[in-house]
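Visitor: I've just opened this one up and could use a hand. Can you walk me through how to read it?

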Amino acid sequence: MTGTGDTTLLEQNAALIEEKKQLLEQVESLKAELSELKRLIYGSKRERFIPSDTNSKQLTLPLDEDIPAETPAKVKQTISYQRATIGEKQPQGSSRQVLPAHLPRKEVVLEPEVDTTHMRKIGEEITEELDMTPAKLFVRRYIRPRYVSKEEEFYVANLPARPIEIVPRRRYPRTWIISPYSGG
């Protein structure tokens, strides 16, 4: 009787040892998965990157693995549109709005400091800023012709020194309030 009891105990012991190994493997897998998820949630942005290759020692969740992934056939579409522009086109990279067209403009042409007689003009850089004389607003328009020499060197005049605050907003209301009493 002890022989059959010993074999059942040995079989139960072997089954328990095997179950223990499986549970330890599962615990290690869950610990690794938990640390990966914590790194993704709380880690720095560099650590949150998930590489696209699956050959690394990265753990994967077996979600919907039995369903084959079907990739839809790529269809090329040609899309075209027309865009209507109204008024002057604002230069790219400028965040300022275009100044109103009804304001009078005073044009100031600034030539480069080099001799431009043997150069050809290839364009202009136009900078507009709001300015005023007492009780009169106008736009000062600086036109700076661009020249290119025969050696393919470009020349453009520098803008004159301007105040840091391009539109001195505080000066206008003060002028409008004081000017009726100043006699001018």
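Visitor: How many helices and strands are there in the protein?

Guide: Helices (H or I, at least four residues) and strands (E, at least two) are DSSP runs, numbered from the N terminus. Here the protein has 2 helices and 4 strands, and along the sequence they follow the pattern α-β-β-β-β-α. Bear in mind that this is a predicted model, where local features need pLDDT of at least 70 and side-chain atom pairs count only at pLDDT 80 or more, while totals for chains, interfaces and linings use all residues. Residues are numbered from 1 along each chain as its sequence is written, and side-chain values use heavy atoms, with hydrogens and water left out.

Visitor: Where is confidence lowest, and where is it highest?

Guide: pLDDT is the predictor's confidence in each residue, from 0 to 100. Where it is low, the predicted coordinates should not be read in detail. In this protein the mean is 78, and 66% of the residues reach 70 or more. Helix 2 (residues 171-182) is lowest, at a mean of 57, and strand 4 (residues 154-156) is highest, at 90.

Visitor: What is the phi of Glu 152?

Guide: Most residues other than glycine have a negative phi. Glu 152 has a positive value, near 65°. You'll find Glu 152 in the loop between strand 3 (136-148) and strand 4, which form a hairpin with 5 residues between them. The hairpin of strand 2 and strand 3 has 2 residues between its strands, and Ala 135 in that turn has a positive phi of about 65°.

Visitor: Is Glu 152 buried or exposed?

Guide: Buried means under 20% relative accessible area, exposed over 50%, and partly exposed in between (1.4 Å probe, protein chains only). Glu 152 has a relative accessible area of 52%, so it counts as exposed. Across the protein, buried residues make up 14% of the 184 residues.

Conventions:
Pairing = 2+ DSSP bridges.
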